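Thanks for coming, everyone. Please have the model open.

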Amino acid sequence: MSRIRKPLAKSLIKPLVAVGCTTALVTGATACGAIENISAGKKLENAADKLGERRSMSMELDLDVTPEQLIALSKSDGASEPMPREAAEALAGVKVSVAVQAKKPLAEAKDKDLVATQLKLSGPDGVLAEYRVMGKTAYVRLDVRAFGELSGEPVPSADEMPESMPGGKALRKILEGGWVKVDTAEMEKARAEVGGPGGKKASGGPELSPEASKKITKSLKKLFAREVTLKDTGSRDGADHVVATGPVRTLLTGIFDELRPFTDEIPGAEDLPTAKDFKDLPNKKIAVDFAIKNGTLAKASTDFAPLAEGLKKGDKLPVTLTFGEGGKIAAPSGATELDIAGMMDAMMGGFEAGDDADADAISGEDFTIEGDA
């Protein structure tokens with residue numbers, strides 16, 4: 001493991017947990033139908049329902065912090081090494097955007113109703129990674145150089161990747177930052193064969209039943225009605241504002257406790273975190289400010305500085321989630337097809353040959369990727 005990768009992984013835990021807390025408050029507060037007698041709760045619930053009436057929607061998560069703030073946040077965890085400045089500079093200003101397009105209103109849509117989805121990770125210098133799914137085809141592009149700088153690992157150039165090796169043409173395209181495409185069924189099959197997450201359930205597995213969905217929603221409504229307070233703070237900047245406040249550790253623990261009985265129906269939920277995983281997380285309250293425009297939820301923002309230790313007085317660690325119209329998601333042109341089945345067969349054949357070479361290496365005549373690079 002490189003000198004950057006290990007401390008980076010550990011130092012990312014608190015920021016990611018804080019983002020999870022924001023999402024938890026967003027999800028819970030907008031599901032608070034149990035408090036219909038409170039005008040703020042009803043206003044927020046109606047605003048969230050408006051989003052569900054759309055057939056396309058986008059969400060953008062913006063981590064608006066400086067490298068110094070990220071380093072300070074990582075130092076607050078005595079069990080982890082401080083985040084390296086290279087990593088902090090790369091992560092500061094990172095944005096994650098998600099878009100979805102469906103045949104029917106999103107509140108009613110199932111997997112079969114989805115026309116297209118898009119996930120994009122962007123940094124100050126442009127797109128770092130993007131993933132689109134159109135029907136049975138997934139499209140991917142990566143800024144491999146940027147990820148190499150972030151991890152501290154050397155990245156080969158496209159010229160070093162022989163096209164004769166299995167998947168060589170597509171891998172060269174990835175190294176050049178171009179688009180590759182893959183059959184989603186083949187991708188999930190490959191995940192299942194190597195023991196990766198989501199293989200069985202993500203590919204043709206069961207969806208959450210309406211009965212289970214109702215039970216979970218009812219339980220979460222009770223949890224948030226009990227733990228979250230809502231306040232209508234009036235209008236400003238062309239939007240109505242409702243603020244939801246709740247204890248972080250209590251909410252996260254409660255949410256996963258309610259989901260755990262339904263792990264067989266929730267893809268990828270086999271290893272849900274437990275109360276033990278949150279024991280070191282401060283049970284401080286954070287507030288999420290929801291902005292409502294034209295009756296529709298437009299933005300949710302919070303400051304997760306209360307979860308950090310050792311920050312300067314007055315420092316803020318803002319996170320913003322912006323909702324918008326998703327629009328049409330198009331398939332990128334010129335994508336190179338990646339034959340995962342062929343690559344897997346070639347790799348497994350190489351492993352079974354029992355050569356002296358490291359089993360973690362993928363080799364061609366003049367190209368080798370060693371270890372976990």
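Start with Thr-336. Leaving aside residues up to four places away in sequence, Thr-336 touches Lys-169, Ala-170, Lys-173, Trp-179, Val-180 and Lys-181. Keep in mind that this is a predicted model.

Where does Thr-336 lie? In strand 12, which covers residues 336-337. Buried or exposed? Thr-336 has a relative accessible area of 14%. The cut-off for buried is under 20%, so Thr-336 counts as buried.

Now the helix side. Helix 7 runs over residues 168-175. Its buried residues are Gly-168, Ala-170, Arg-172, Ile-174 and Leu-175. After helix 7 comes Gly-177. Its phi is positive, near 85 degrees.

Where is Asp-339 found? In the loop between strand 12 and helix 12, the helix of residues 340-352. Asp-339 has 48% relative accessibility. Exposed would need over 50%, so Asp-339 counts as partly exposed.

Finally, the whole protein. The secondary structure comes to 12 helices and 14 strands. There are 373 residues, and 42% of them count as buried. Take contacts between residues at least 6 apart in sequence: 64% join residues at least 24 apart. The accessible surface is about 20200 Å². Carbon and sulfur atoms hold 51% of that surface.

Key: Residues are numbered from 1 along each chain as its sequence is written. This is a predicted model: local features need pLDDT of at least 70, side-chain atom pairs count only at pLDDT 80 or more; totals for chains, interfaces and linings use all residues. Side-chain values use heavy atoms; hydrogens and water are left out. Helices (H or I, at least four residues) and strands (E, at least two) are DSSP runs, numbered from the N terminus. Buried means under 20% relative accessible area, exposed over 50%, partly exposed in between (1.4 Å probe, protein chains only). Contact means heavy atoms within 4.5 Å. Accessible areas come from the Shrake-Rupley method with a 1.4 Å probe; for residues, only the protein chains shown count as cover.
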